[in-house]
Amino acid sequence: MTPENYMNLEFPSKSCNEAFARAAVSCFAAQLDPTLDELGDIKTAVSEAVTNAIVHAYPDTIGTITLRCRILPENVLDIVVRDKGIGIADIQQARKPMFTTGGIDRSGMGFTIMESFMTSLTITSKPGKGTTVHMRRRIQLRGAR
């Protein structure tokens with residue numbers, strides 16, 4: 001599928017970059033004229049995906065996170081968050097609400113939140129190779145553009 005527009009970002013897995021990623025996606029998505037609720041959902045999902053990469057993919061080191069956004073036909077925002085960290089041994093288990101490997105500080109709701117706020121969510125991972133979170137959100141058309 002040929003995108004109408006796209007962007008690619010790469011940044012270190014530092015917690016300060018979570019807000020940067022969220023803001024960058026928000027600015028990019030603005031061209032689709034989302035409602036504030038839609039934009040809030042997108043920002044939250046991106047925040048969860050990037051935070052997962054920071055906390056879980058690179059628990060003891062700083063690694064690289066890649067973020068790709070594309071505008072696809074029919075007003076679809078396509079987002080991919082990729083890391084080359086430790087990977088997820090059991091994706092089905094990781095997707096269960098309340099499951100976490102991040103200790104008592106983590107809620108274990110990241111994938112559940114992403115899934116509830118996006119039109120689609122796909123997670124692929126290989127232990128020792130990294131994880132890719134692929135999300136799509138269809139933005140409702142509002143009025144004449």
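The model is a predicted one, in which I read local features only at pLDDT of at least 70 and side-chain atom pairs only at pLDDT 80 or more, while totals for chains, interfaces and linings use all residues. Residues are numbered from 1 along each chain as its sequence is written, and side-chain values use heavy atoms, with hydrogens and water left out.

**Entry: Leu-72**

Leaving aside neighbours within four places in sequence, I found Leu-72 in contact with Met-1, Pro-3, Glu-4, Asp-78 and Arg-136. I placed Leu-72 in strand S2, residues 64–72; for such elements I rely on DSSP runs numbered from the N terminus, helices being H or I with at least four residues and strands being E with at least two. Met-1 is 71 residues away from Leu-72 along the chain, yet I read 7.3 Å between their C-alpha atoms. Is Leu-72 buried or exposed? I list Leu-72 as buried because its relative accessibility is 1%, where buried means under 20% relative accessible area, exposed over 50% and partly exposed in between, with a 1.4 Å probe and protein chains only.

**Entry: the sheet**

I traced an open sheet of 5 strands in the order S1-S2-S3-S5-S4, with antiparallel pairing; two strands pair if DSSP finds at least two bridges between them. S1 and S4 stand at the edges, and since each has a single partner strand, one side of each is left without a neighbour in the sheet. From one strand to the next I noted a twist that averages 10 degrees. S1 and S2 run antiparallel and are joined by 8 bridges, and within this part of the sheet I saw Asn-8 standing opposite Arg-68 in S2.

**Entry: the nonpolar core**

For a nonpolar core I use a set of buried Ala, Val, Leu, Ile, Met, Phe, Trp, Tyr and Cys residues joined through side-chain atoms within 4.5 Å. The largest such core has 34 residues, and those with the most contacts inside it are Val-25, Leu-67, Leu-77, Ile-79 and Met-135. Among the elements that give two or more residues to this core I noted helix H1 (16–29), helix H2 (36–57), helix H4 (110–117) and strand S5 (130–138), and H2 gives the most, with 9 residues. Not counting residues up to four places away in sequence, I listed the partners touched by Met-135, which include Ala-45, Val-46, Ala-49, Leu-77, Ile-79, Met-114 and Leu-121.

**Entry: Asp-78 and other salt bridges**

I counted a salt bridge where a side-chain nitrogen of Lys or Arg comes within 4 Å of a carboxyl oxygen of Asp or Glu, and the structure holds 6 of them. Which residues are linked with Asp-78 in a network of salt bridges? I found Arg-68, Arg-70 and Arg-136 in that network with Asp-78.

Arg-68 forms a salt bridge with Asp-78, with the closest N and O atoms 3.0 Å apart. Because Arg-68 lies in strand S2 and Asp-78 in strand S3, the pair ties together parts that are 10 residues apart in sequence. Arg-136 also forms a salt bridge with Asp-78, here with the closest N and O atoms 2.6 Å apart; this pair links distant parts of the chain, Arg-136 being in strand S5 and Asp-78 in strand S3, 58 residues apart. Asp-78 counts as buried at 0% relative accessibility, whereas I noted Arg-68 as partly exposed at 25% and Arg-136 as partly exposed at 26%.

In helix H1, I looked up Arg-22 and Glu-18, which lie 4 residues apart, about one turn of the helix, and form a salt bridge whose closest N and O atoms are 3.7 Å apart. Arg-22 is partly exposed at 30% relative accessibility, and Glu-18 is buried, with a relative accessible area of 14%.

Definitions and conventions. Contact means heavy atoms within 4.5 Å. Axes are lines fitted to C-alpha atoms, for helices over the stretch in contact, and angles run from 0 to 180 degrees between N-to-C directions.
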